[in-house]
Amino acid sequence: GIPKEQMIKLFNPYCSIKSIYETPCDSSGLGLYITKQLLNMLGGSISIKSEHGKGTTVYISIPYRNEK
């Protein structure tokens, strides 16, 4: 899981969160930022629930319209 103090950084561009499991390389941290922007354009949303030491769950919602 992700520590609470790091959660606010998740959707910021060019920011990565280091953990003890990651390799020592830098990343641009654009993945979640771009994903959130795309979901916003589609009218959707993304949220993350995390408990440090236990795990993380990512929730994605995308509206669906059935136009026949």
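Two residues are in contact when heavy atoms lie within 4.5 Å. In this predicted model, 24% of the contacts between residues at least 6 apart in sequence join residues at least 24 apart.

The chain contains two helices and two strands. Of the 68 residues in the chain, 13% are buried. The accessible surface of the chain comes to about 5,700 Å², and carbon and sulfur atoms account for 56% of that area.

Part of this surface is a nonpolar patch made of L42, V58, I60 and I62. Together these four side chains contribute about 390 Å² of accessible area. One of them, V58, belongs to strand 2, which spans residues 55-61.

Charged side chains come next. How many salt bridges are there? The count is two. In one, K54 pairs with E51, and the closest N and O atoms are 3.6 Å apart. The cut-off for such a pair is 4 Å, so the separation of 3.6 Å between K54 and E51 qualifies. The two partners fall into separate accessibility classes: K54 is exposed, with a relative accessibility of 67%, while E51 is partly exposed, at 44%.

The other salt bridge joins R65 to E67, with 3.4 Å between the closest N and O atoms. Here R65 counts as exposed at 67% relative accessibility, and E67 is likewise exposed, with a relative accessible area of 63%. Both values qualify because the threshold for exposed is over 50%.

Aromatic rings remain to be described. How many aromatic pairs does a search of the whole structure find? The search returns zero. The ring of F11 does, however, have a charged residue over its face: K36 lies there, 4.9 Å from the ring centre. The distance limit for a charge over a ring is 6 Å from the ring centre, so the 4.9 Å of K36 from the centre of the F11 ring is within it.

Terms used: Residues numbered from 1 in each chain as written. Predicted model: local features only at pLDDT ≥ 70, side-chain atom pairs only at ≥ 80, totals over all residues. Heavy atoms only, no water. Patch = residues over 30% accessible without salt bridge, like charges linked within 9 Å, V, L, I, M, F, W, Y side chains within 5 Å. Areas by Shrake-Rupley, 256 points an atom, 1.4 Å probe, with all protein chains shown as cover. Helix = DSSP H or I, 4+ residues; strand = E, 2+ residues; numbered from the N terminus. Buried < 20%, exposed > 50% of the residue type's maximum accessible area, 1.4 Å probe, protein only. Phe/Tyr/Trp six-rings, centres within 6.5 Å; stacked < 30°, edge-to-face > 60°. Lys NZ or Arg CZ within 6 Å of the ring centre and 35° of its normal.
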